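Hi there,

Have a look at it first, then read on.

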Amino acid sequence: MQTIHPESKIIIVWESIIVLVSLYNYLSIPFTIAFQTDADGIWLILDLLSDTVLIADIFLRFKIGYIDQGEFITDRQKIRKNYRSTDLKINLIASLPIDFIVRIFISPVPGYVIGIIRFPRLLRGFQCLGIFRRWENNVNVNPVVIRMINLVVTIFLIDHWVACLWFFIGEVAQISGESWLTNASLESARTSTQYLNSLYWSITTLTTVGYGDITPTNDLEIVFTLVIMFLGVSMYAFIIGNVASLIANLDANQGRFREKLDQIQAYMRERRIPAILQQQVRDYYQYMWEYSHDASMELDFLDELPHSIKTRIYLHLHQELLEKVPLFQDADKGFIEDLVIKLKPRILPPNDYIIREEQLGHEMYFIKRGEVIAFSEKTGRVYRTMTAGMFFGEIALLYSSRRTASVKTQTYCELFVLYKEDFDQVLENYPRFWEKIKEIAEQRFQTK
Ligand code: CMP
């Protein structure tokens, strides 16, 4: 069997199963101990299923490689050594099926005994924390969503454990006299009713809502209630702070964009910019957001990256343009890589002049989206309508001459600009590109 990549889809599915199994243990273990359920029936089947998964996981881990300083390690020996020095011991302790051995020899065995024996299963929680951390770094999922799920599950588990403890204390107190269970006439109610009431108390006390219909009746219960109320106040302060920042980060880009737009609008109102112009500015940013998610904001960090990674990211970002421009289709790989990091995105609204005839030229443009026209300022004659995949502004750069025509946008346009110094550098290194672009420029010049 081949070594499995730790970030492959199958591992993500498998880790989800491990998280579900651990969740089951975190729910069932305190429940079986507090409510002293029957150890047979449905619990036996669920325990068996969950343990099978955990034991299978111990063996599967030997087949999963790991990432060390960005390198995928596939060497079996290294994997074994790494596993032995990390999770293996904990996983072994957490998966020993002692409860089944006890079930074979002692029958019937009370649920709480099984619950206590299964306590080490909770050690798998550490592995789940690691899994959540890995999911947060996963490329396809918004880390905020993972953190949100993590928070909700943790809150529910705390509520559940407190509910089980509250019921357990009620049961213990019942032996020596009065307890909240007798007070609420729940001592002989169905387990589900008892659990629901305990959970109801746990949530109302932890959230400090406290309706006061289920109340402590003896010292032990009062002390426990005090502790839980204290815990509740601290816990909910923590939760509210976390949820607020999580929601703010849910779409950090959109948040930043909104903030930027608010500032711009406030500025325009203060300076009494005419309403029509304000609308144009808003439309422009709206377009920017819809089509490029305001690329200007996100491109800043790219300059900090090493050249090779930066090039690969640009190749990905400009993939659509590279596919559209016929000139790039059979070009050298090196040429594309050199060119791609030099292209600067620019978004323009309709009816905007990009180039004015007779002026000096410092840059040329590639069209990713939209439509422009090249026309004569003097006669008004339209030389050509240009769309995605075409380029313009090359004549002035090639011949160091003035612009031969005016170029204006017809629609919103997404363009990529190539400045003269970058253009010259690329042409110097790749004469084939120079020949091709010159051929097109000459044709254009002749059809004027
Ligand atoms: P440049 O002269 O630098 O600036 C104006 C641009 O319009 C020019 O480069 C060409 O890219 C483009 N252009 C000029 N004439 C034509 C034409 N006849 N057909 C297509 N494009 C043209």
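A quick definition to begin with: a salt bridge here is a side-chain nitrogen of Lys or Arg within 4 Å of a carboxyl oxygen of Asp or Glu. Please keep in mind that this is a predicted model, in which local features need pLDDT of at least 70 and side-chain atom pairs count only at pLDDT 80 or more, while totals for chains, interfaces and linings use all residues. Residues are numbered from 1 along each chain as its sequence is written, and side-chain values use heavy atoms, with hydrogens and water left out.

Salt bridges

The structure holds 23 salt bridges. One of them joins Asp-303 to Lys-310, with 3.5 Å between the closest N and O atoms. For burial I use relative accessible area: buried is under 20%, exposed is over 50%, and partly exposed is in between (1.4 Å probe, protein chains only). On that scale Asp-303 is exposed at 55%, whereas Lys-310 is buried at 16%.

Glu-363 and Arg-403 also meet in a salt bridge, at 3.2 Å from N to O. This pair links distant parts of the chain, 40 residues apart: Glu-363 is in strand E5, and Arg-403 is in the loop between helix H19 (394–399) and strand E9 (406–409). Helices (H or I, at least four residues) and strands (E, at least two) are DSSP runs, numbered from the N terminus. Glu-363 is buried at 14% relative accessible area, and Arg-403 is buried at 6%.

Lys-420 is partly exposed at 22%, as is Asp-424 at 33%.

There is also a network of salt bridges linking Asp-47, Asp-51, Asp-99, Arg-103, Arg-118 and Arg-121. Arg-103 has another contact: its charged end sits over the ring of Phe-100, 5.2 Å from the ring centre. (That label requires NZ of Lys or CZ of Arg within 6 Å of the ring centre and within 35 degrees of the ring normal.) Arg-444 is placed over the ring of Phe-391 in this way too, its charged end 5.0 Å from the centre.

Aromatic rings

A search of the whole structure finds 24 aromatic pairs. Rings of Phe, Tyr and Trp (its six-membered ring) pair if their centres lie within 6.5 Å; planes under 30 degrees apart are stacked, over 60 edge-to-face, and the rest tilted. Phe-119 and Trp-161 are edge-to-face, at 6.3 Å centre to centre and 80 degrees between the planes. Phe-119 lies in the loop between helix H6 (111–117) and helix H7 (124–137) and Trp-161 in helix H8 (residues 143–176), so this pair ties together parts that are 42 residues apart in sequence. Phe-119 is partly exposed at 38%, and Trp-161 is partly exposed at 26%.

Tyr-365 and Phe-392 are stacked, because their ring centres are 5.1 Å apart and their planes at 15 degrees. Tyr-365 belongs to strand E5 (residues 363–369) and Phe-392 to strand E8 (residues 391–392), so the pair ties together parts 27 residues apart in sequence. Tyr-365 is buried at 1%, and Phe-392 is buried at 2%.

Ring pairs also link Phe-328, Phe-335, Phe-366, Phe-391, Tyr-430 and Phe-433 into a cluster.

Best wishes
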